[in-house]
Number of protein chains: 2
Amino acid sequence: MDIHIAEIPVACRACEARHGGVCGTLTPAELCELNKYSARRRLDAGTEVVGQGETVSSYANIIRGVVKLTKMMADGRQQIVGLQFAPDFLGRPFVSESALSAETATDAEICNFPRSVMDRLAARAPDLKDRLHRQALQELDEARDWMLTLGRKSAQEKVASFLYLIATHSDPEEVDKSSFDLPLSRADIADFLGLTIETVSRQFTKLRKDGVIAIENNRHVIVPDLDRLMQFAGNDR
Amino acid sequence: MDIHIAEIPVACRACEARHGGVCGTLTPAELCELNKYSARRRLDAGTEVVGQGETVSSYANIIRGVVKLTKMMADGRQQIVGLQFAPDFLGRPFVSESALSAETATDAEICNFPRSVMDRLAARAPDLKDRLHRQALQELDEARDWMLTLGRKSAQEKVASFLYLIATHSDPEEVDKSSFDLPLSRADIADFLGLTIETVSRQFTKLRKDGVIAIENNRHVIVPDLDRLMQFAGNDR
DNA sequence: CAGACGAATTGATTTTGATCAAGCGAAATG
DNA sequence: CATTTCGCTTGATCAAAATCAATTCGTCTG
């Protein structure tokens with residue numbers, strides 16, 4: 001839960017250097033304005049960034065790590081409804097109250113800036129608005145893809161789909177997708193797939209015994225043949 | 001599959017009169033421009049509006065009826081990933097290829113206008129862009145809400161959630177939400193909930209025997225106490 | 001009105017994944 | 001260094017929903 005406000009004032013310039021994300025296309029003048037108010041934070045795994053129902057007063061850019069978006073029921077049942085990887089943008093325009101909770105899945109580093117500054121900036125930059133709009137549409141597509149997984153796939157297909165997702169999304173700069181660390185615990189994977197940890201574990205074992213994957217230290221996964229994995233994921237038409 | 005191009009040229013003006021939807025806030029001049037190219041169509045239930053993977057060349061407004069958005073797997077398994085009610089807007093900016101299939105669930109009436117005209121209009125009207133952006137965000141929220149339903153709710157909770165959704169969304173102008181027609185067949189409900197038709201049917205029967213709902217002619221539902229239904233839906237925190 | 005067809009219900013059985021319970025291994029703690 | 005704790009795996013059993021199989025109901029059609 002410890003949050004360290006970074007001393008570096010040019011947080012967003014750093015984002016830009018790293019990956020040309022949402023911050024990347026701002027003009028130097030705009031960046032300057034944002035930077036005056038931005039703060040960079042390092043967060044331990046499992047830190048809540050925004051709570052379900054909370055008022056959100058800032059946007060953020062994920063510099064490093066993975067953030068999970070979760071919904072919780074009254075009796076504690078939980079569903080992860082989205083994963084955000086660096087350099088994703090976090091937060092939304094128009095609405096100030098969050099319908100879900102955002103929590104770091106791994107150790108992470110994020111760069112915060114106040115709603116007011118960002119909104120003022122967006123009002124002047126139509127292409128920034130467009131980029132935010134595009135991102136919303138992409139998240140919508142991802143959510144709907146996952147609905148098919150949740151509603152119609154078997155446990156094995158769900159787990160294979162998850163592995164495929166991580167293999168392709170986790171490290172966009174890495175060309176070799178055949179080896180990666182899982183950013184989620186078994187419990188989180190279960191919450192993402194609508195399964196129990198036991199079932200997730202059993203399916204991992206099965207995929208391992210079938211030679212589709214190899215696992216080292218519980219978190220590191222090796223996929224010799226990504227196409228073969230995709231077949232287990234029962235992909236769409 | 002029969003599509004009748006309506007003779008009435010002022011299709012969107014009709015939308016405006018009906019409910020002040022997306023078309024509702026256009027200026028008369030803008031409306032005029034759209035109307036020159038818009039076409040009103042009456043569609044039978046089960047008509048495909050856009051196919052998965054197809055190139056989309058137009059936007060549309062739903063004037064009457066319900067449209068289901070579905071995703072299909074290679075082996076025929078299907079998941080409904082969204083429902084659009086009148087006066088919802090159909091289609092999306094930026095992308096021209098559809099990631100899903102849109103099909104009428106009921107008899108419906110829609111008003112089509114070409115991408116090019118709409119895009120040109122949006123380029124000049126920032127508030128129209130904002131409204132489309134807002135809609136995307138709302139659909140995202142709805143999709144994520146449904147992910148919780150698909151991933152973590154029991155069959156009974158799923159069916160109750162569906163009934164609650166229809167009761168509240170189906171007829172926005174109707175104050176009395178206690179009696180309504182189901183816009184979906186049992187097969188469609190099953191595809192929406194990630195269940196089989198048999199399970200859906202059994203849960204209907206159970207809710208009926210518990211006195212939560214009454215059913216007439218398979219399609220008409222009466223809910224004496226909406227709060228009671230909501231409890232069966234196992235609502236979020 | 002009889003028959004036919006499709007949609008929905010109901011019943012019997014099977015399968016999948018959840019639950020309950022125990023054990024293992026690695027890292028953290030006293 | 002022993003011990004606890006946590007995350008994960010594995011096994012046995014149970015329950016929920018899927019599947020298979022008839023019927024029933026309602027509507028359409030000749």
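**Note on a predicted two-chain model with DNA**

1. The largest share of the surface near DNA strand D comes from α7(A), which supplies six residues; here a residue is near if its C-beta atom, placed from the backbone, lies within 6 Å. This is a predicted model, in which local features need pLDDT of at least 70 and side-chain atom pairs count only at pLDDT 80 or more, while totals for chains, interfaces and linings use all residues. Residues are numbered from 1 along each chain, and chains are lettered from A and ligands numbered from 1 in the order in which they are written.

2. Around DNA strand D there are 17 residues, and those that come nearest are R186(A), S201(A) and T205(A) from chain A with S154(B) and T199(B) from chain B. Two or more residues each are given to this surface by α6 (186–193) and α7 (197–209) of chain A and by α7 (197–209) of chain B; helices (H or I, at least four residues) and strands (E, at least two) are DSSP runs. By class, the surface near DNA strand D has five nonpolar, eight polar and four charged residues, where Asp, Glu, Lys and Arg count as charged and Gly as polar.

3. Within chain A, the axes of helix α5 (residues 155–169) and α7(A) come within 9 Å of each other and cross at roughly 75 degrees, which means that α5(A) is roughly perpendicular to α7(A) (65 to 115 degrees). The angles run from 0 to 180 degrees between N-to-C directions. On the α5(A) side, A155(A), Q156(A), V159(A) and A160(A) meet residues of α7(A), among them V200(A), F204(A) and L207(A); contact needs C-beta atoms within 7 Å. The residues of this contact between α5(A) and α7(A) divide into six nonpolar, three polar and one charged.

4. Chain A also holds an open sheet of four strands in the order β3-β8-β5-β6, with antiparallel pairing (at least two DSSP bridges for each pair). β3 (48–50) and β6 of chain A stand at the edges with a single partner strand each, so one side of each is left without a neighbour in the sheet. Ignoring direction, neighbouring strands of the sheet are turned by 30 degrees against each other on average. β3(A) pairs with strand β8 (residues 101–104) of chain A in the antiparallel sense over two bridges, and V50(A) has A102(A) in β8(A) as its bridge partner. Across β5 and β6 of chain A lies α6(A), which runs at about 105 degrees to β6(A).

5. In chain B, three strands form an open antiparallel sheet in the order β10-β12-β11, whose edge strands, β10 (179–181) and β11 (214–216), pair on one side only. β11(B) is joined to strand β12 (residues 220–222) of chain B by three bridges in the antiparallel sense, and E216(B) stands opposite H220(B) in β12(B).

6. Chain A can be laid on chain B with an RMSD of 0.0 Å by a turn of 180 degrees and a shift of 0.0 Å along the axis, which means that the relation is that of a two-fold axis; the superposition uses C-alpha atoms with pLDDT of at least 70 in both copies. The same surface serves both copies, since 100% of the contact residues of chain A recur in chain B.

7. The contact between the chains takes 35 residues from chain A and 35 residues from chain B. On the side of chain A that touches chain B, at least two residues each are supplied by β5 (66–72), β6 (78–85) and α4 (126–152) of chain A, and α4(A) gives the most, with 17 residues. By class, that side of chain A has 17 nonpolar, seven polar and 11 charged residues.

Key:
Parallel < 35°, antiparallel > 145°, perpendicular 65-115°, else oblique. Contact = placed C-beta atoms within 7 Å.
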